[in-house]
Amino acid sequence: RPQLEKLLEYVRDGDEVVVHSMDRLARNLDDLRQIVKSLTQRDVSVRFVKENLIFKGDDAPMSTLLLSIMGAF
């Protein structure tokens with residue numbers, strides 16, 4: 001997944017990563033959580049179009065739960 005690695009190296013504070021769906025970003029739930037967490041810690045928001053979810057790092061526990069539930073499917 002070289003293009004994902006390039007994206008993770010390139011994004012800057014304040015950027016937004018737009019992804020069609022959660023399954024396009026990660027291969028499993030742990031990978032999904034780790035990628036979203038690492039991006040939001042760098043002040044990069046993550047938008048999932050299909051699921052209509054946005055993660056910005058200041059997410060409530062309910063958002064984290066939704067990420068886990070939706071990512072499991």
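Colleague: Which residues of α3 are buried?

Modeller: Asp31, Leu32, Ile35, Val36, Leu39 and Thr40 are buried in α3. Buried means under 20% relative accessible area, exposed over 50%, partly exposed in between (1.4 Å probe, protein chains only). Down the axis of α3, the buried residues fall within an arc of 150 degrees, so they line one face of the helix. The arc is that of the directions from the helix axis to the C-beta atoms.

Colleague: What's exposed on the other side of α3?

Modeller: Asp30, Lys37 and Gln41.

Colleague: Where do these numbers come from?

Modeller: It's a predicted model: local features need pLDDT of at least 70, side-chain atom pairs count only at pLDDT 80 or more, and totals for chains, interfaces and linings use all residues. Residues are numbered from 1 along each chain as its sequence is written, and side-chain values use heavy atoms, with hydrogens and water left out.

Colleague: What sits at the start of α3?

Modeller: A side-chain oxygen of Asn28 comes to within 3.2 Å of the backbone nitrogen of Asp30.

Colleague: And which residue just after α3 has a positive phi?

Modeller: Asp43, at about 65 degrees.

Colleague: Zooming out, how many helices and strands?

Modeller: Four helices and three strands, in the order α-β-α-α-β-β-α along the sequence. Helices (H or I, at least four residues) and strands (E, at least two) are DSSP runs, numbered from the N terminus.

Colleague: What share of the protein is buried?

Modeller: 33% of the 73 residues.

Definitions and conventions
Polar contact = N/O pair within 3.5 Å; in protein donor to acceptor, adjacent residues only side chain to side chain.
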